[in-house]
Amino acid sequence: MQRGSTIVHEKQQSVVPQREDYYYTEGEGGYYVSLEDGEIEKGHYWDSIHRRNRSWVTTVVLVVLRIFAPKRYIHSFRHRPIQSIGRLLLLSVVGTFCWWGLSSSYHIISSRSSLIYHEEDIHRILEWEIISGHWMSWRPLSAWYNPPQNPSLPSPQEADEADRPGGIRACGWPRKYILANEFQAQQDNQTKNTAFPPRPAPGSIVDFDLVNERCDPTTGQYLRDCLEYLRIGAGLDNTAPHLRHGRTDESPPTPRFYEKPRSQKKEPLPVPQNWRYTYLEDRLAMHAPISSWSRYAGGKALEKPLNLPTPIPPTGGIPAYTIGYGTQMIGVVHDRPPEEVKKDFKWIAGQCEKDYPRIFHTYLEPPLTKATYMTFLSFLYTQNLGLSLNLTEAEREKKIPCRPQFWIWLKNMDTEGPRWKEMLLKSPWAGPLVESRFKGLIKFKTWNATEQMDATPDWSSEWRNAATLDTRKKTRVSHDGEYGSNVAFSGPTAGDILHQTFNISMSDTARWLLPHRYGGIFVDPSVLFLRDWEEIWNYRGAFVSFSTRSQPNSAIKLNKQSALGTFVLRTSLRHGLGLDTASVRKYARDAQLEELLYPFPSMLSNLADWHHDEYQRSRPPLPNLSSPDEFFEPDGKGAPTEQLGIPAFFRGAWFYYAQPTRSHSFDKGRHYPDTGRSDTRNLPDSATDERDLSWSAVFKRSYEVFLRGEAPNMYGEWLS
């Protein structure tokens with residue numbers, strides 16, 4: 001079709017003038033569509049000219065009307081009366097079903113698009129996140145021309161393509177891919193200890209492009225191979241080192257970026273030749289990346305345009321690594337032999353940034369449970385907290401400035417009051433958490449839904465008015481009377497009443513509100529950390545661990561007051577504050593933001609879920625759990641867990657989502673906190689221990705012997 005031409009309709013014999021640089025579509029009421037960028041002038045959906053935005057309810061109604069058209073039905077009744085009567089009865093049944101479904105079933109309503117923003121607002125969210133350095137992948141996020149420069153990708157690179165849809169423009173620091181044991185070997189006065197694995201290099205960042213390439217179940221990758229890739233790259237293969245030979249030169253891994261192939265054929269990748277999946281940024285190469293940001297009026301949609309602050313790229317001047325006489329400037333190639341560069345190579349530890357706080361959040365309704373107890377113990381056992389250093393708390397902060405903290409949010413418990421600790425200690429599992437030696441690492445916070453929602457700008461002015469919430473899908477459970485759509489919730493407990501009235505999960509609200517307001521990572525109680533998260537903390541983007549639609553998100557990482565977090569919260573406000581797993585997934589899918597929100601491999605989100613996959617069972621990982629319950633109740637058919645120990649449990653993964661029920665016990669033989677405290681020595685014990693220890697018991701007892709000072713943690717560090 002040529003620009004500026006005309007279209008003549010055969011039926012109406014009308015002429016539709018063609019605008020310059022636009023073409024006219026006959027369907028959907030006639031849209032002018034730009035040939036330059038594919039934007040739709042009428043409507044706010046990205047693909048509103050396609051039929052896939054039409055709900056299946058609309059499709060069924062159109063088919064029924066076509067079958068039972070009046071003229072066709074009268075003609076058919078004259079010649080085939082019996083069939084016509086049958087069609088009439090069928091139409092009555094279908095009509096009754098549609099009326100009942102539309103009036104009482106949320107599943108039909110939910111088939112509609114959840115998008116409330118104009119497409120330009122969605123592009124603005126992507127642009128804001130990219131300029132802020134939150135998208136650290138080579139995969140394009142949108143099919144736009146001249147995309148914004150990405151300060152988290154090294155520049156210059158030959159992969160920069162700005163003259164095609166979905167191009168990439170990089171303006172960031174150079175990268176150096178490393179192995180954890182390489183960092184340990186280069187440290188001055190460092191004795192190699194192969195009995196324990198090294199901690200990740202300070203400042204190292206995970207490359208989710210490389211990890212997803214090896215951990216994508218849709219392309220035929222095995223969980224077993226994925227864990228081996230992570231295990232060797234992180235130096236966790238210390239018990240059997242050098243069994244895999246890989247590249248030892250300084251070249252970066254290939255491929256540099258990963259895109260899912262269109263073929264559905266499952267075929268595992270060959271053994272890697274380069275096991276490096278983490279890298280350091282040379283932030284001394286330049287002061288800071290520069291990328292443009294221009295404000296705009298916004299599009300007209302169901303929701304008013306987003307009011308986003310000016311994005312701030314990552315700051316420069318932070319030491320990461322240096323080469324030779326100094327840092328290698330962008331665009332400057334030093335003519336030096338590789339042997340000389342490697343000889344002069346020096347490591348400098350990275351530094352923390354205040355915009356990316358290292359805080360683990362979790363939400364709890366007292367009393368404190370065994371699941372939270374285990375999560376906190378795994379935090380002490382794996383994270384770099386400086387507990388092995390014989391220093392004061394202030395000296396530890398100076399020695400390890402990037403120590404993560406663990407914030408436990410307690411519902412309806414005033415942590416500033418005089419008796420909150422006494423109330424908390426009514427649960428025996430709370431004892432180790434309130435010890436003075438962990439005062440700087442764990443902090444108890446008061447969760448007040450009303451205060452938290454009022455302090456969130458995205459909700460503060462509207463959440464109290466029920467008229468702003470689409471609560472058709474919510475079941476009202478209040479027994480004090482019905483709440484109409486024009487009711488405004490008020491008072492200090494308005495947040496609790498709102499959640500109760502419309503059956504909204506308070507834990508779902510907390511898991512999204514807390515990291516958006518304070519930054520950091522929300523972890524669900526019963527998440528067990530399996531290794532140091534240094535490379536996760538240095539990843540500046542957001543991620544959500546997703547396994548199944550019925551399970552809650554076990555880990556959610558957001559940046560403070562980010563555009564992505566604002567999108568999720570504002571969209572949920574227009575959909576009854578729905579922040580469950582399925583709802584958020586739908587929000588991201590309808591807005592085409594899934595790549596931005598879900599870079600974390602689904603294979604690693606819930607490790608026990610792959611027991612039902614026939615393909616994965618052909619090459620099972622270690623351990624080969626037949627069901628998630630086997631973590632708590634061993635079947636006695638496999639290798640003894642007490643002999644294998646924690647190093648054999650999904651070695652390489654970052655965490656395990658245990659999900660205990662009330663009937664599950666982490667340790668049937670010692671169902672109490674055995675940390676050596678005076679208030680736990682006289683607790684009752686079972687007469688006999690288990691013949692076969694469960695994996696949960698192995699984890700619990702390994703944590704507790706570390707707290708008692710009887711054994712080191714997984715990195716060979718003793719509690720001082």
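In which helix do aspartate 590 and lysine 586 both lie, and how many residues apart are they? In this predicted model, both residues belong to helix H18 (residues 581-590), where they are four residues apart, about one turn of the helix. Their side chains meet in a salt bridge, with an N to O distance of 3.4 Å, and a search of the whole structure finds 27 salt bridges. Side chains of opposite charge can pair when their charged atoms come close.

**Pairs within a helix**

- Glutamate 704 is buried, with a relative accessible area of 1%, and lysine 700 counts as buried at 1% relative accessibility.

**A network**

- Glutamate 704 and lysine 700 belong to a network of salt bridges that links them with Asp667 and Arg701.

**A pair across the sequence**

- The side chains of glutamate 534 and arginine 358 form a salt bridge of 2.9 Å, taken from N to O.
- Because glutamate 534 lies in helix H16 (residues 534-537) while arginine 358 lies in the loop between strand E11 (346-347) and strand E12 (359-364), this pair ties together parts that are 176 residues apart in sequence.
- Glutamate 534 counts as buried at 10% relative accessibility, and arginine 358 is buried with a relative accessible area of 11%.

Technical notes. Residues are numbered from 1 along each chain as its sequence is written. This is a predicted model: local features need pLDDT of at least 70, side-chain atom pairs count only at pLDDT 80 or more; totals for chains, interfaces and linings use all residues. Side-chain values use heavy atoms; hydrogens and water are left out. A salt bridge is a side-chain nitrogen of Lys or Arg within 4 Å of a carboxyl oxygen of Asp or Glu. Helices (H or I, at least four residues) and strands (E, at least two) are DSSP runs, numbered from the N terminus. Buried means under 20% relative accessible area, exposed over 50%, partly exposed in between (1.4 Å probe, protein chains only).
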